[in-house]
Amino acid sequence: MNKKSTLVCFLCIMVSAGVLAEPDNGKFLPSAELLLPNHVFIEAGGGLNFPVNFFNQGTVAMTSYGGDILAGAGYNFSGWLNSITYTRDMWGQGKGSYALMQNFHNHIVEFRLRKILSKQHINWFPKKLEMIPGLGLGVNFITTDYYPSLRAKEDGRMNSVNLFDKGANCFFYRASLEFALNGITDMFIPFIGIDYNAFYDTSIGGGFAGFPRLYLGVRSYPFGIINDIKRVKQEHDEMLLYEQQQHEKELQELYEKELREKEEHERELYELMIASWPEPSAKITADKESNFTPDGDGINDTAIFNLSTEYLEEDPLYWKVSIFDKKNSAIKHFEGKGKLPEHVEWDGQSDNGETVFSLNEYFAKLSVIPSEHDQQRTGYNELTSEDKIKTGVLFEIIIPDKQWKIIVNTIHFDPDRATFERISEEQKLENKETLESITRQILEHNEVEVLVEGYANNVSNTERENREELIPLSNLRAKTIMNILVENGLDRDMLSYDGNGGSNPIARWEDRENWWKNRRVEFIVTRKSLLES
């Protein structure tokens, strides 16, 4: 195997085994991991040193401003930077009468421990920014020349301290805070930091001294090319994934667009199809061939209403047939769910048990609620239809096969009169048809006597109105009806009349909506055999 192939294999192994050296693991404590060469780093930098102060001398500066250089090497263990660092601090001549030193130098060898905090720890951090707090502990080897001041001479100080002289070595302490810019390349990670340093100096009589420092530097992972290759590969994979996601998004949008167009096309076709269909309808038809006379004689006692719908695909949700009298009051109901019956039969009774009147028109209304499917399909929420049926002359049995009663409320008079002069032509025609029909029915019953009774409605509900107004008026009206029956062909000897006013009301006085039922004419038909007996 040649050298090139060996290098490629080595890089592939490192890429597959390693992780990015500089970023932290997202946790405070380190994770167990193999020691990898791409986690080894070196760093160098330099900066500005502020004057040294001895704590026991207050704020007196022993030196002027200075500078430093640093160099170190270490290992990044799950975001913990462990390093050995050499720092050389240099200051110039101190200022003031108490300044003792010039050319004051620190030679520091220390162990530094720092923790990388990134966006994985602090969400609002920029992606490429790292904050790195740290501590350092080491040995300071001091060298200096003492400034030839009065104080130096009075204290009998040495003129200089050389490297490794007795008393010139002491412990060194550092606390630091750095900010690094990462994510570009592991070969070049710039950082800026500030720290405070302290040491116990015995070369000039003993005492703690300290100074702050501002510095810049660069950290580099010599084998960081492995990380860079992996980062490039990761970014390439992310780009491919992004492009794939964008492509899938475009395909999804295209699919959704085609689906919308298809649904729109189908909707248009559906609307065209609906528009081409005939409108749905419901129909109710009364059987008018029979003479509807629900008087219990077994002949035409039932009215049949035929029901049907057209252009509905499903059975309706609900249907209802309502019967209305001439005052538009509903008196009878038939209803059900699901399939519409072919017909309903009505026996002439209202829901409260009243029987219909002779020669009255009744209206039947069919209401159909289509299924939800048919409602959506057709746009119709309800279908209705109406028809009417007219009753014939009802012979209400008083005594079976001997005496009957015909009740009619379709004879119209002039207000408060027994004449037909002021009523409409339509009302006159209805009067003529009603009385001719009654005449025919009576003629079919041979050997009978007929009593014509007139009734009115007692508006004031007083005996005075009944006695003074209603009985005289109803008596005259009954006589008028009797005379017309004679004109129509009935024998005058078989007829008689009577006026009963507001007696025997059908509707109670409190039921004002049905007062019209009290204004009526009754015909009492009696076989002569009953009279003779």
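Phenylalanine 420 has a relative accessibility of 22%, so it counts as partly exposed, a class lying between buried (under 20% relative accessible area) and exposed (over 50%), with a 1.4 Å probe and protein chains only. Rings of Phe, Tyr and Trp (its six-membered ring) pair when their centres lie within 6.5 Å; planes under 30 degrees apart are stacked, over 60 edge-to-face, and the rest tilted.

A word on the source: this is a predicted model, in which local features need pLDDT of at least 70 and side-chain atom pairs count only at pLDDT 80 or more, while totals for chains, interfaces and linings use all residues. Residues are numbered from 1 along each chain as its sequence is written, and side-chain values use heavy atoms, leaving out hydrogens and water.

Searching the whole structure gives 16 aromatic pairs. Ring pairs also join Trp91, Phe104, Phe199 and Phe211 into a cluster. Rings meet charges too: the charged end of arginine 520 sits over the ring of tyrosine 455, 4.0 Å from its centre, and that of arginine 512 sits over tryptophan 509 at 5.8 Å. Here the CZ of Arg or NZ of Lys must be within 6 Å of the ring centre and within 35 degrees of the ring normal.

Now to the salt bridges, of which the structure holds 26. Each has a side-chain nitrogen of Lys or Arg within 4 Å of a carboxyl oxygen of Asp or Glu. Three of them are set out here:

| Salt bridge | N to O distance |
|---|---|
| Aspartate 195 – arginine 213 | 2.9 Å |
| Arginine 464 – glutamate 468 | 3.2 Å |
| Arginine 508 – glutamate 510 | 3.2 Å |

Arginine 508 is exposed, with a relative accessible area of 56%. Elsewhere, salt bridges with shared partners connect Asp68, Asp89, Glu110, Arg174, Asp195 and Arg213 into one network. By contrast, arginine 464 is partly exposed at 43%, and glutamate 468 is partly exposed at 46%. These two lie four residues apart in helix 6 (residues 463–487), about one turn of the helix; helices (H or I, at least four residues) and strands (E, at least two) are DSSP runs, numbered from the N terminus.

Finally, aspartate 387 lies in strand 17 (residues 383–390) and is buried at 16%. Its side chain reaches the backbone nitrogen of alanine 286 at 2.8 Å.

Key: Polar contact = N/O pair within 3.5 Å; in protein donor to acceptor, adjacent residues only side chain to side chain.
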